[in-house]
Amino acid sequence: MDEQLFFKKLNNLCTSKEIFYFLSSLEVMSDTMASGALQRISEIEVDENGLKNPGLLENEVFRALCFQFEFECSKLSNTGLLNALQALIKLRIDPQSTLMANLLSESEERLGKGQLTAENLCALGESVLELEGPSSATLEQIVNHMQEKDIERWSPREIVMVYKILQVTAKEGKQCQNLLNRLNSVTLRRVSQLSPNFASVILNSLVVLHQTQAVPLVTALCKESVKHVPYFTDHELVSVLEAFLYFGQKVQIFTEALERHVPMSILTMHPQTVSKVMQYCCKKMILSKPIFDAVAEGFISSADRLTTDQIAAYIIPFGTLNYLPPSASSLFRKLETVLHARLRHFQPHTLLNLLHSCVLIQRYPINFLPKIFSPYFLQKLQAQPPGLNRGVMFQLTHLFLTVTLECPFYEGPKLLPKYQVKLFPTLHSSPDVHLFKRVKNGLLYLLKKRIYFASEVSTPYFYVVDIEIKLDEEGFVLPAAQLEEVHRRIALCVDGQNRFCAHSHNLLGEEAIKQRHLQLLGYEVVQIPFFEIENLQNTRKMADYLHKKIFPCTYGLSN
């Protein structure tokens, strides 16, 4: 039987029993056919849990095949030798057996003589990785031989295998940047030929290999990933999202693809994949209502099966991006139920991050604050990295200020002064320098003198006000330095794009709570968002806008 007909029949067989019957009917077969039969058996009989039917290893036809490979390995073709080695590894044959030792020894001998093609090198590399791990000297030898090959002709599968090998050897401190540069260049021209799995594997390798200079390849792979979103496995999608985060990629059409995919798949997606999608949205400041609404519904139905880290990953982005989904009441009722049942299982910093995110969107964890403000919990926070650094103390102070201002009925323990920060860090809230300057110039034009407003004013309540204007009882503007007869204080919030979700007019959670708290502290908050003033062409128009915004009652009256 010729090989083409053999493989056509072999690939139509669906059980090892059928394959053994088929093989026993043949008088003669080549080593390529024999190794192909072993590979087909391994495809059928091995799943993620291992070998389905260990009894097949005792089958006389299987034993005859193994006998042929064990004692005639020097006569085998490269393809037959290496395919057999791969199949037997997959079938969990003892690596210390004479059969495996002979096949590996013969392969290494041919490697040393330079007799292996690029495809052979990839196959051997895969086997050596499985048998000996990333520190294998043979693997280093394989990489050296690869550098001598013409990689222009490599197939996508070979390219992927080389990335995998370079990835694991890099972890051992051996990086071949010259080979990587050539590989990146060739891969760039093949991006459109890559399957979802291959695209995901290569992106993962580029992250591990820190290929930050391979911008054209990364960009092309990220754009190509858009069409693969519905076909990625959970593991593949996680790798792609990690690459987007690592390389700072933000492709709008990729987000749109996620918006179509996540709501349809939320009930079958692995929680770790959902967590990574939410991390991607949170880090990129992408408020995607279709994704967030779907994740909220997914949390309500599956929260009891989530780990504590996954619970936090699902919920924190809602606070960070200042969004309450339509199912908010059910969502936070479920969260409270889960917290009551599993509070002691949360790591201290995870719990603090979670509760802090809740207050950003006016969901107050009153029942859990006595634990947060207790000396024992604060000691646990200090004992675990990152300890009680400024960011952690900011969150504690923010929680304390929130319950003081927004929950006056709270009578539990308070946060001791030594754990309170005196000034909140700016994080995303630093004013846009260019915008800030234009607003100040407009105010100067409007108020005539610089003494009538102060910029970046520290308050006794930890916040920094972008611009403060003081008025007396009759509504006249007072000098900023005056302390007596101040009847009203106006806080101008000069909100640049950095204070909003991406491509959105939705304030971030930390800016929304700041403006809410300033109002509760007695300020009249006037928001100056970038999208209202970016098209004002000169200082006079800016002054006119500010007059109407800050002093609406006198707008239109003569000065």
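Good morning. I begin with Glu485, which sits in the loop between β5 (477–478) and β6.

The model is a predicted one, in which local features need pLDDT of at least 70 and side-chain atom pairs count only at pLDDT 80 or more, while totals for chains, interfaces and linings use all residues. Residues are numbered from 1 along each chain as its sequence is written, and side-chain values use heavy atoms, with hydrogens and water left out.

Most residues other than glycine have a negative phi, and most peptide bonds are trans. Glu485 is not a glycine, yet its phi is positive, about 60°. Is Glu485 buried or exposed? Glu485 counts as exposed because its relative accessibility is 65%. The cut-offs are under 20% relative accessible area for buried, over 50% for exposed, and partly exposed in between, with a 1.4 Å probe and protein chains only.

Met285 also has a positive phi, near 60°. Its place is the loop between α15 and α16. At 15% relative accessibility, Met285 counts as buried.

Let us turn to α15, the helix that Met285 follows. Helix α15 covers residues 271–283. Its 13 residues reach 18 Å from first C-alpha to last, close to the expected 18 Å; that expectation is 1.5 Å times one less than the number of residues. Among its buried residues are Val274, Val277 and Cys281. The cover over the buried residues includes α13 (234–247), α14 (252–265), α16 (289–302) and α17 (308–320), where contact means heavy atoms within 4.5 Å.

Next come the domains, whose bounds come from an automatic or database domain assignment. Domain 3 spans 250–363 and domain 5 spans 433–550. How far apart are the C-alpha centres of domain 3 and domain 5? They lie 33 Å apart. Their contact takes 13 residues from domain 3 and 11 residues from domain 5. About 930 Å² is buried between them, with 58% given by carbon and sulfur atoms; this is the accessible area (1.4 Å probe) that two parts lose on being put together, summed over both. On the domain 3 side, Met285, Asn322 and Leu360 lose the most area to domain 5, together 47% of what that side buries.

Finally, a peptide bond: Pro385 and Pro386 are joined in cis, with omega about 5°. Pro386 lies in the loop between α21 (375–383) and α22 (390–406). Thank you.

How values were computed: Helix = DSSP H or I, 4+ residues; strand = E, 2+ residues; numbered from the N terminus.
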